[in-house]
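Colleague: I have some questions about this chain before I file it. Can we go through it together?

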Amino acid sequence: MAEYFENKEIKESVLLVGISTGAQDDGEASLNELAQLVKTAGAESVGFMIQNRESAHPATYLGKGKIDEVKWKLWETEATGIVCDDELSPAQLRNLEEALDTKVMDRTMVILDIFAARANTKEGKIQVELAQLKFRAVRLVGMRNSLSRLGGGIGTRGPGETKLESDRRLIHQRIGQLKTELEDVKRHRQIARQQRVKSQIPVVAIVGYTNAGKSTLLNKLTDANILAEDKLFATLDPTTRNLKLPGGQELLLTDTVGFIRKLPHQLVEAFKSTLEEAKYSDIILHVVDCSNPWMEMQMYVVYDTLRQLAIQDKVMVTVFNKIDQIQEDVILRDFSSDYQVKLSARTGEGLSELKEVLESILKSRRVYLEKVFSYQDAGKIQAIRKSGQLLSEEYTSEGIEVKAYVPAEMFSMFV
């Protein structure tokens with residue numbers, strides 16, 4: 001009689017561990033977010049533990065008593081490993097593994113793993129691999145035990161075990177290659193930006209905390225058909241689409257990678273060329289999930305990340321998204337933005353108001369033009385349609401009478 005074996009992948013189950021350093025520290029909220037990250041990475045969280053300390057233990061992250069508690073909890077839940085809510089030093093990683101005799105990961109590993117699984121474009125894959133290798137280069141000794149213990153799961157996607165098991169010299173050679181490739185991609189991106197500047201079409205960058213609804217908003221406004229899921233970091237690769245406002249003005253909308261608290265500095269550095277789309281934009285749309293109880297913290301993280309990237313002095317429009325999910329009256333305000341709009345990207349409620357705000361911003365940056373163009377200069381009217389707002393055109397024996405608003409920097413082209 002033939003025997004049949006089901007080849008089923010065992011789902012990784014992990015215990016979440018964090019440090020709370022004071023009354024103002026929202027350790028529980030951070031662990032809830034870590035649970036979402038772990039779920040997105042394909043594992044299951046079977047419990048969480050928080051230790052109240054002034055700071056993390058320099059050698060083991062947790063104190064000795066808490067390590068014993070974690071050891072007991074691992075046995076009780078049959079977890080295959082733990083995930084710490086902060087980035088561990090190589091010594092902390094190695095010492096924790098020895099003390100617990102289990103696979104130890106940290107928040108940064110989980111985020112890098114998600115990025116490795118989600119990157120689709122060549123640029124995205126280069127950026128993720130570069131971030132992973134930089135992170136792992138200094139942790140080869142600490143990670144060697146966990147790699148020999150488990151052949152898969154969080155922390156093993158991307159460059160893979162073979163690179164991790166190679167020496168630091170080879171890893172740094174690979175980092176050098178990736179940096180060269182990324183410079184080429186960066187040059188292409190700069191050329192694309194220069195072309196956009198020449199076209200005089202305003203650029204609007206969409207930024208926000210991960211899962212705030214940026215991709216859903218872009219889809220609703222432009223029919224972009226990009227992936228939009230109720231997951232953290234559903235999309236990584238920037239998408240640019242054209243939007244035509246009711247008054248005829250055209251815009252370029254660019255979606256950017258979502259921000260998150262404790263975003264690994266390796267990712268910020270590797271994705272800098274992508275995140276800089278916001279730096280070269282005319283307007284920034286800051287999308288906020290107003291149904292999230294930690295909305296204020298998420299807004300702070302976004303502004304702090306923008307400061308790290310030196311993105312300042314931009315016209316800021318805060319979009320309070322997901323108003324359809326608010327059950328009670330909530331005061332929605334952002335003192336750091338110039339304009340605020342409440343909407344639901346999912347239902348479409350409030351989208352017309354957002355378009356009106358964008359039109360008013362662009363109108364404030366334009367100059368009124370009233371002129372008769374000769375028929376030989378009719379091509380200039382097309383330029384007005386593209387970069388400004390054509391109010392009226394009338395064909396007469398003398399030429400084409402035009403009333404329009406044009407960008408201030410282009411006014412000299414038409415007079």
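Predicted model: local features only at pLDDT ≥ 70, side-chain atom pairs only at ≥ 80, totals over all residues.

Colleague: Fine. How many helices and strands are in the protein chain?

Modeller: The protein chain has 15 helices and 13 strands.

Colleague: And what share of the 415 residues is buried?

Modeller: Buried residues make up 50% of them. As for contacts with a separation of 6 or more, 68% come from residues 24 or more positions apart.

Colleague: On to single residues. Where is Ser30?

Modeller: Ser30 sits in helix α1, which covers residues 27–40.

Colleague: Is Ser30 buried or exposed, and why?

Modeller: Ser30 has a relative accessibility of 3%. Buried means under 20%, so Ser30 counts as buried.

Colleague: Which residues does Ser30 touch?

Modeller: Not counting residues up to four places away in sequence, Ser30 touches Asp85, Arg107, Arg261 and Lys262. With Asp85 there is also a polar contact between the side chains, at 2.5 Å.

Colleague: You mentioned Arg107. Which residues of α1 and α4 meet?

Modeller: From α1, the residues are Ser30, Glu33, Leu34, Leu37, Val38 and Thr40. From α4, they are Arg107, Val110, Ile111, Ile114 and Arg118. By class, this contact of α1 with α4 divides into 6 nonpolar, 2 polar and 3 charged residues.

Colleague: At what angle do α1 and α4 pack?

Modeller: The angle between α1 and helix α4 (residues 107–118) is about 35 degrees, and their axes are 9 Å apart. Their crossing is left-handed.

Colleague: Now the other pair. How far apart are the axes of α2 and α3?

Modeller: The axes of helix α2 (residues 64–77) and helix α3 (residues 90–100) are 10 Å apart, and the packing angle is about 55 degrees. The two helices are therefore oblique to each other.

Colleague: Which residues make the contact?

Modeller: On the α2 side, Ile67, Val70, Lys71 and Leu74 make it, and on the α3 side, Leu96, Ala99 and Leu100. That contact of α2 with α3 has 6 nonpolar, no polar and 1 charged residues. As for handedness, α2 passes α3 in a right-handed crossing.

Colleague: Change of topic. Where is Phe48?

Modeller: Phe48 is in strand β2, residues 44–52. Its relative accessible area is 40%, so Phe48 counts as partly exposed.

Colleague: What is Phe48 in contact with, neighbours within four places aside?

Modeller: Phe48 is in contact with Leu15, Leu16, Glu28, Leu31 and Asn32. Leu15 is 33 residues from Phe48 along the chain, but their C-alpha atoms are separated by 5.7 Å.

Colleague: Last topic, backbone angles. What is phi of Asn211?

Modeller: Phi of Asn211 is near 70 degrees, which is a positive value in a residue other than glycine. Asn211 lies in the loop between β5 (203–208) and α9 (214–222).

Colleague: Is Asn211 buried or exposed?

Modeller: Asn211 counts as buried, at 19% relative accessibility. The cut-off is under 20%, so 19% falls on the buried side.

Colleague: And what about phi of Asp313?

Modeller: Phi of Asp313 is near 60 degrees, also a positive value in a residue other than glycine. Asp313 is in the loop between α12 (295–308) and β9 (315–321). With a relative accessible area of 82%, Asp313 is exposed.

Key. Residues numbered from 1 in each chain as written. Heavy atoms only, no water. Helix = DSSP H or I, 4+ residues; strand = E, 2+ residues; numbered from the N terminus. Buried < 20%, exposed > 50% of the residue type's maximum accessible area, 1.4 Å probe, protein only. Polar contact = N/O pair within 3.5 Å; in protein donor to acceptor, adjacent residues only side chain to side chain. Contact = heavy atoms within 4.5 Å. Axes fitted to C-alpha atoms, helices over the stretch in contact; angles between N-to-C directions. Parallel < 35°, antiparallel > 145°, perpendicular 65-115°, else oblique. Left-handed = near helix turned anticlockwise from the far one by under 90°. Nonpolar A, V, L, I, M, F, W, Y, C, P; charged D, E, K, R; others polar.
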